[in-house]
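Me: I am new to this structure and would like to learn how to read it. Could we go through it feature by feature?

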Amino acid sequence: MKTLITSLIMTVVLTVLVGIIYPLAMTGIGQLLFSKQANGSLIVKDGKVIGSELIGQSFASAKFFHGRPSAAGAGYDGMASGGSNLGPTSKALMERLQHDADSLRALYPDLKGDFPADMLTTSASGLDPDISIANAMMQAPVVARANNISVDTVNALVHRHIEGRDLGFLGEPHVNVLKLNLELIGKK
């Protein structure tokens, strides 16, 4: 009986400590020290949340830069986050890549050479908000033409939005599509 009572007391104590006190403490520390990140790195414009720096969005118009293709649900669906799990020998993957390449060639008829990999491939989460510098620079002439502004202006805009490697050595330099498009809207 003594072992049962001790077990019950330890269960209650650990449940309160690890299930209530610790999460509340971590949430408080997160809100105090990293408020923006703890709340989803939301981007607010004119008092309205328009997106997150951490989750990609679809942009349908040629007036905007486009992010990586998404395999998350109908596109950038946080509830369906995940890759397609199609391997390099998958016929379905090869067909999708060919279809996407054909669509991009129609959108970028002046392009000579290959597309950057991130223009055709999805990210592991399907929610990647960033594109490579090569991807952004390839889209720049189309975006400039669609917005009736100079390519030099758009290229300068891209260069202002280049973010370096995380911690100085992880990943590759990249451009956040939503931030870039927001500044592009401000240029009009």
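Me: How many aromatic pairs are there, and what is the rule?
Reply: Rings of Phe, Tyr and Trp (its six-membered ring) pair if their centres lie within 6.5 Å. Planes under 30 degrees apart count as stacked, over 60 as edge-to-face, and the rest as tilted. By this rule there is one aromatic pair. Phe59 and Phe64 form it, with centres 5.7 Å apart and planes at 40 degrees, so it is tilted. This is a predicted model: local features need pLDDT of at least 70, side-chain atom pairs count only at pLDDT 80 or more, and totals for chains, interfaces and linings use all residues. Residues are numbered from 1 along each chain as its sequence is written, and side-chain values use heavy atoms, with hydrogens and water left out.

Me: Is Phe59 buried or exposed?
Reply: Buried means under 20% relative accessible area, exposed over 50%, and partly exposed in between (1.4 Å probe, protein chains only). Phe59 has 18% relative accessibility, so it counts as buried. Phe64 also counts as buried, at 18%.

Me: Which residues have the most contacts inside the largest nonpolar core?
Reply: In soluble globular proteins, nonpolar side chains tend to be buried together. A nonpolar core is a set of buried Ala, Val, Leu, Ile, Met, Phe, Trp, Tyr and Cys residues joined through side-chain atoms within 4.5 Å. The largest one here has 18 residues. Those with the most contacts inside it are Phe65, Ala136, Val154, Val158, Val175, Leu180 and Leu184.

Me: Which elements give two or more residues to this core?
Reply: Helices (H or I, at least four residues) and strands (E, at least two) are DSSP runs, numbered from the N terminus. The elements in question are α5 (133-147), α6 (151-160) and α7 (177-187). The largest share, five residues, comes from α7. A second, separate core has 11 residues, including Leu93, Tyr108, Met119 and Val142.

Me: Which residues of α6 are buried?
Reply: An α-helix has 3.6 residues a turn, so residues three or four places apart point the same way. In α6 the buried residues are Val154, Asn155, Leu157 and Val158. Seen down the axis of α6, they fall within an arc of 155 degrees (taken from the directions from the helix axis to the C-beta atoms), so they line one face of the helix.

Me: What is the order of the strands in the open sheet?
Reply: Two strands pair if DSSP finds at least two bridges between them. The open sheet of three strands has the order β3-β5-β4, with antiparallel pairing. Its edge strands are β3 (130-132) and β4 (162-163), and each pairs on one side only. Two bridges join β4 to β5 (residues 174-176). Glu163 stands opposite His174 there.

Me: And the other strands, β1 and β2: how many bridges?
Reply: Strand β1 (residues 42-45) and strand β2 (residues 48-52) pair in the antiparallel sense over four bridges. Leu42 stands opposite Ser52. Two residues lie between the strands of this hairpin, where Asp46 takes a positive phi near 55 degrees.

Me: Where does Tyr76 lie, and what does Tyr76 touch?
Reply: Tyr76 is in the loop between β2 and α3 (91-107). Tyr76 is buried, at 13% relative accessible area. Contact means heavy atoms within 4.5 Å. Not counting residues up to four places away in sequence, Tyr76 touches residues including Ile55, Gln57, Arg68 and Leu127. The C-alpha atoms of Tyr76 and Gln57 are separated by 5.9 Å, though the two are 19 residues apart along the chain.
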